[in-house]
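Good morning, and thank you for the time. Please look at the structure on the screen while I describe some of its features.

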Amino acid sequence: MSTSKKLRLGITLGDCAGIGPEIVDLTLKSGRLPDSAEYKIIGKYPDCSLGKPTIETARAAAAALEEAVTLARRGELDAIVTGPVHKARMYKAGFKFAGQTEFFAERCGVKDFAMLLTGGKITVALVTTHIPLSEVPGALKQTEIVRVGRLLVDFLRCRSNPAAAGPHIAVAGLNPHAGESGKLGREEIEIIAPAVLELQTTAGARSTIEGPLSPDTIFHRAAQGELDAVLCMYHDQGLIPLKLHAFHNGVNVTLGLPFPRTSPDHGTAFAIAGKGLARPESMIAAINLAVELANRQKPSPK
């Protein structure tokens, strides 16, 4: 008889006035989760009217995040899956972070982290995230592109068969046509291309990293299965094609944490909360990926 211990997965509901409680309930009843894990709802949530968020529901969502990260850092959880929150109300409730990604990184004392999203055949990692589009060119640095690129390589290697070829990653340009040889911008020449070269020399001979490539064609190749991932320069460059391709089963992953953290790639959807319209596929995918990553990170028995 197997004596292997089950993984312990913590799930937060997000803002309980949204669809979080509904999709978590549907997910846990779906029969589509691994039996190798135990699933625990984290947090205490107030009574509320569905579709009508309050400061109290936002505070409860924030408190659940604090409880979850504390349990994970104590080793009492092997992975965390977070439900969707409403950022504007979280800010009003005193939440000081741009998003849940930044919250987990700060609470774990991690500076080398990044946001990744995956669904269907498209996986994207983001060099810049929650900043205005006007600030993206100034925020792009060769060191940041290389840093996030290395986290992406590690993630893809974690998920792959060790005997398989290394990951094939395309690096997107910032400007139309990847700058058109400098006519439409010089970020590709001065920042992105040197970063690609550095990644090529450090990622290992079995990895393929190419770019900078024109953003208007790169995602077609990804959706056709030619690429394992795309390294994107800004938030919407990656999220628009991902959600077009895999709107109902996209997963958000925080790279660089000491434990897996995933979330469904959608919002609170207050307008449909409690109306039987919410779909659990993204939450199912988030939990399955968290279990997969936790299994791969679990130490081998001695």
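Let me begin with a definition. On a 1 Å grid over the protein atoms alone, a pocket is an open set of points with protein on both sides within 12 Å along at least five of seven lines, whereas a cavity is a set of points where a 1.4 Å probe fits but cannot get out; lining residues have an atom within 4 Å of a point. Grid points are joined across faces, edges and corners, and a volume is the space filled by probe spheres set on the points.

Two remarks on the source are in order. This is a predicted model, in which local features need pLDDT of at least 70, side-chain atom pairs count only at pLDDT 80 or more, and totals for chains, interfaces and linings use all residues. Residues are numbered from 1 along each chain as its sequence is written, and side-chain values use heavy atoms, with hydrogens and water left out.

The largest pocket holds about 440 Å³ of space. Which of its 26 lining residues are closest to the centre? They are Lys87, Asn252, Pro264, Asp265 and His266. Two or more lining residues come from each of helix H3 (87–92), helix H4 (100–107), helix H9 (235–246) and strand E10 (261–264). Helices (H or I, at least four residues) and strands (E, at least two) are DSSP runs, numbered from the N terminus. The lining divides into 11 nonpolar, 11 polar and 4 charged residues. Here Ala, Val, Leu, Ile, Met, Phe, Trp, Tyr, Cys and Pro count as nonpolar, Asp, Glu, Lys and Arg as charged, and the others, Gly among them, as polar.

I turn now to helix packing. Helix H6 (residues 142–159) and helix H7 (residues 187–202) pack at an angle of about 40 degrees, with their axes 8 Å apart. That makes H6 oblique to H7. Axes are lines fitted to C-alpha atoms, for helices over the stretch in contact, and angles run from 0 to 180 degrees between N-to-C directions. Angles under 35 degrees count as roughly parallel, over 145 as roughly antiparallel, 65 to 115 as roughly perpendicular and the rest as oblique. In H6, Gln142, Ile145, Val146, Gly149 and Arg150 meet residues of H7, among them Ile191, Pro194 and Leu199; contact means heavy atoms within 4.5 Å. The residues of this contact divide into 7 nonpolar, 3 polar and 2 charged.

H6 also packs against H10, at an angle of about 85 degrees and with the axes 10 Å apart. That makes H6 roughly perpendicular to H10. Phe155, Cys158 and Arg159 in H6 meet Leu289, Glu292, Leu293 and Arg296 in H10, a contact of 4 nonpolar, no polar and 3 charged residues.

Finally, two points about the backbone. Most residues other than glycine have a negative phi, and most peptide bonds are trans. Ala178, in the loop between strand E6 (168–172) and H7, has a positive phi, near 55 degrees. The peptide bond from Gly211 to Pro212 is cis, with omega near 0 degrees, and Pro212 lies in strand E7 (residues 208–213).
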